[in-house]
Amino acid sequence: MINNVVLMGRMTYEPELRTTTSGVSICRFQIAVDRNYTPKGEERKADFIDVIAWRQTAEFICRYFHKGSMIALTGSIQTDNFTDNNGNKRKSVTVVANEVSFCGSKAESGTTNPAFSQPAQNYSSADDSDFEEIDDDDDLPF
């Protein structure tokens, strides 16, 4: 069986780190993911997807991501059936995040941790005499 999800979107609220009674870290959050298709004459729509992360992934998210941060994640879909307070049967759909990644700039995400900052590499100082100019005026083959 295959149950893989890949998502990229913006966090809709501040993630909150909690701990289970057995000491396992858990983080719940929601991301807004724009739909690819916009019908003519309508505004772009987004899907709001509930996500849960466990252990080190949960701690990482709560430390470095905030409301409005762009996040990319891979995980799987988990469904749960339950009965609400009114006796109605309901189903919840949640993505369980296994891996998360930063998206966007450091300033955009609000991350200012010096452990992640690296000096800018300047590749323009290479000696151009090591390279030969290619003069190719042929038409492209496609």
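F102 is partly exposed, with a relative accessible area of 35%; by the convention applied here, buried means under 20% relative accessible area, exposed over 50%, and partly exposed in between (1.4 Å probe, protein chains only). The structure is a predicted model, in which local features need pLDDT of at least 70 and side-chain atom pairs count only at pLDDT 80 or more, whereas totals for chains, interfaces and linings use all residues. Residues are numbered from 1 along each chain as its sequence is written, and side-chain values rest on heavy atoms, with hydrogens and water left out.

Rings of Phe, Tyr and Trp (its six-membered ring) were taken to pair if their centres lie within 6.5 Å, with planes under 30 degrees apart counted as stacked, over 60 as edge-to-face and the rest as tilted. The rings of F60 and F102 have centres 5.5 Å apart and planes at 65°, so this pair is edge-to-face. Distant parts of the chain are linked by this pair, since F60 belongs to helix α1 (residues 55-64) and F102 to strand β6, 42 residues apart. Helices (H or I, at least four residues) and strands (E, at least two) are DSSP runs, numbered from the N terminus. F60 is partly exposed at a relative accessible area of 25%. The rings of Y64 and F102 are likewise edge-to-face, because their centres are 6.3 Å apart and their planes stand at 75°. Y64 lies in helix α1 and F102 in strand β6, so this pair ties together parts that are 38 residues apart in sequence. Y64 counts as buried, at 10% relative accessibility. One aromatic cluster is formed by F60, Y64, F65 and F102.

Strand β6 (residues 89-102) also contains T94. With 10% relative accessibility, T94 counts as buried. When residues up to four places away in sequence are not counted, T94 touches D50, V51, I52, S76, I77 and Q78, a contact being heavy atoms within 4.5 Å.

Strand pairing was assigned if DSSP finds at least two bridges between two strands. Strands β4 and β6 run parallel and are joined by three bridges; A53 has A97 in β6 as its bridge partner. Strands β3 and β4 pair in the antiparallel sense, over nine bridges. The bridge partner of R28 in β4 is I52, a residue that is also among the contacts of T94.

Charged side chains were considered next. Side chains of opposite charge can pair when their charged atoms come close. Four salt bridges were found in the whole structure, each defined as a side-chain nitrogen of Lys or Arg within 4 Å of a carboxyl oxygen of Asp or Glu. One of them joins D47 and R35, whose closest N and O atoms are 2.8 Å apart. D47 lies in strand β4 (residues 46-54) and R35 in the loop between β3 (25-34) and β4, so the pair ties together parts that are twelve residues apart in sequence. Both partners are partly exposed, D47 with a relative accessible area of 30% and R35 with 38%.

A further salt bridge is made by the side chains of D84 and R90, at 3.1 Å from N to O. Here D84 is buried, with a relative accessible area of 18%, whereas R90 is partly exposed at 44%. The side chains of E16 and R18 also meet in a salt bridge, with an N to O distance of 3.3 Å. In this pair E16 is partly exposed, at a relative accessible area of 46%, and R18 is exposed, at 52%.

C27 is in no disulfide, and the nearest cysteine sulfur, that of C62, is 3.2 Å away. C27 is buried, with a relative accessible area of 0%. C103 likewise counts as buried, at 14% relative accessibility.

Note on methods
Disulfide = S-S within 2.5 Å.
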